[in-house]
Amino acid sequence: MKRYTLLFSALAAPSAVHATVFMSPEQAQAVMFPGEVLRPDPRQLSDDQVSAIRKASGESPLHRDLKVWRASSGGWFIVDEVVGKHEFITLALALDATGAVKSVEILDYREAYGSQVRDPRWRAQFAGKRAGQSLQLGHEVKNISGATLSSKHVTDGVRRLLATYAIVLAHNS
Amino acid sequence: MRSSLPTTVDLVTRCRPLLGTFVEITTPDGHGEAVNAAFDMIAHIHARMSFHEPASDLAAIRNALPGERIAVDQETVEVLRTALALHEATNGLFDIAVGRKLVRRGFLPRGDIGPLRQFDGTAADITIEDDKHVSLKRRMLVDLGGIAKGYAVDRAVEVIARQGVPFGLVNAGGDLRAFGPIEWNIGLRDADDLVRSSITIRHCAMASSANLGNRRRLRGSQHTPHIGRNGQPVLAEQRTTVMAEWCVIADAMTKVAMVDPDLADTILSEFKGHILRETLSLGTA
């Protein structure tokens, strides 16, 4: 989770804004399973499971380690990565006790920067910026407007995780 | 009144895959319920106005026969009202009955839609019956890809602001709207995917379109998802960005601005809007 401070001047507005870019897995758990207790239930995918997931979803798992939590209601919370156009996207998937999708949240997503990460002028604005460091509003560029990005990679990733649920979690809880 | 002690606010950005893109909502921390409600509204609009979903209002419209009373969501009627007004204001250039061409040219899935020649209506053939019903004079394939994202952004902003959130930004894959008294710096991704410039906005909406990276070759000619007069594909070499009070207008008018900037500016002047021509180069701020 990145944190930085934005400074601005405007009437009736606070004089400093700390920006939290997206949520941590813990914050996402609280948002996606409000009031519930989640306990870690990590899994390791076997070769057979990886092939079965690939066959069922058309997508190959990126990692053998499956980051899974079980909610007190019987729901599942999975944190995983998908490969976007240029970067990794970290997503959190909440499933109810029957394996139906409750919600999907993106936890880290650098694709907004797209291939401009190749642009040295773009990279320069982030150089040396670390958690807690101050950025002047007006110099900070996070929001982007341009041709609409496709979230197809995330849709594909969710389909893969639903296959993963069916193959690895559903009958083994 | 000036205070020497700065007040500090934590901003939180949340992001969900909706409307076929990444929807980000940024607000001060502590407004999770309002943001959840805004995402719910966007998800509702997504479900009603998806071209792909068999249970969407667009599927109901394409399955309807001429004269049939079609029950649709109130939100869908609102979008259609705006789309029809823009169809008229642009002399037919902005036409949500563009689905047939987009399917034919491979930008939308054919699915089980059937022979395309039967869908020969234009937006002028849509009649709004009441807040929940429409009918068609001729059949058509409606696609709201050029307007629904902007509408969803506006509705999300309304939901958040109504719950007392003092300021925020909703960005649906580049169609965005800021509200409240603070300024936001927005990077502009050019048609070649590079961000070279930025603009600072406050309490307004903006949207951008480009198609350099979204082209298909069909029978020897280039096509894009943007269609101009007489069905001609719009081959834009540059990004087009439009500012307006509402995101639904900004979103829809990018497509008009790509073809006819003068017409777009004339219409936009009624919506506190304009085509963006001056930007700030990155690194010179």
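Strands, by the way, are DSSP runs of E with at least two residues, while helices are runs of H or I with at least four, and both are numbered from the N terminus. Two strands count as paired if DSSP finds at least two bridges between them. In chain B, β4(B) and strand β5 (residues 133–136) are joined by four bridges in the antiparallel sense, and one residue pair to look for is B:I126 with its bridge partner B:L136 in β5(B).

Before going on, a word on what you're looking at. This is a predicted model, where local features need pLDDT of at least 70 and side-chain atom pairs count only at pLDDT 80 or more, while totals for chains, interfaces and linings use all residues. Residues are numbered from 1 along each chain as its sequence is written, chains are lettered from A and ligands numbered from 1 in the order in which they are written, and side-chain values use heavy atoms, leaving out hydrogens and water.

Now step back to chain B as a whole. Its secondary structure comes to seven helices and 15 strands. The C-alpha trace of chain B spans about 70 × 40 × 30 Å along its principal axes. Of the 285 residues in chain B, 58% count as buried, where buried means under 20% relative accessible area, exposed means over 50%, and partly exposed is in between (1.4 Å probe, protein chains only). Among contacts in chain B with a separation of 6 or more, 60% are between residues 24 or more positions apart; a contact here means heavy atoms within 4.5 Å.

Next, find strand β8 (residues 184–189) of chain B, where six of the six residues are buried. On one side sit B:W184, B:I186 and B:L188, and on the other B:N185, B:G187 and B:R189. β8(B) pairs antiparallel with strand β9 (residues 195–201) of chain B over six bridges, and B:I186 stands opposite B:I199 in β9(B). The two strands form a hairpin with five residues between them, and B:D193 in the turn has a positive phi of about 80°.

β8(B) also links up with the other chain. Strand β10 (residues 143–145) of chain A pairs with β8(B) in the parallel sense over three bridges, and the partner of A:N143 in β8(B) is B:I186.

Another covered strand is β13 (residues 240–244) of chain B, with five of its five residues buried. B:T240, B:V242 and B:A244 point one way, and B:T241 and B:M243 the other. Strand β10 (residues 205–209) of chain B runs antiparallel to β13(B) and is joined to it by five bridges, with B:S209 opposite B:T240. β13(B) also pairs antiparallel with strand β14 (residues 274–275) of chain B over two bridges, where B:M243 stands opposite B:H274.

Finally, hop over to chain A and look for A:Q29 in helix α1 (residues 25–32). A:Q29 counts as buried because its relative accessibility is 12%. Leaving aside residues up to four places away in sequence, A:Q29 touches A:P34, A:L38, A:W69 and A:F77.
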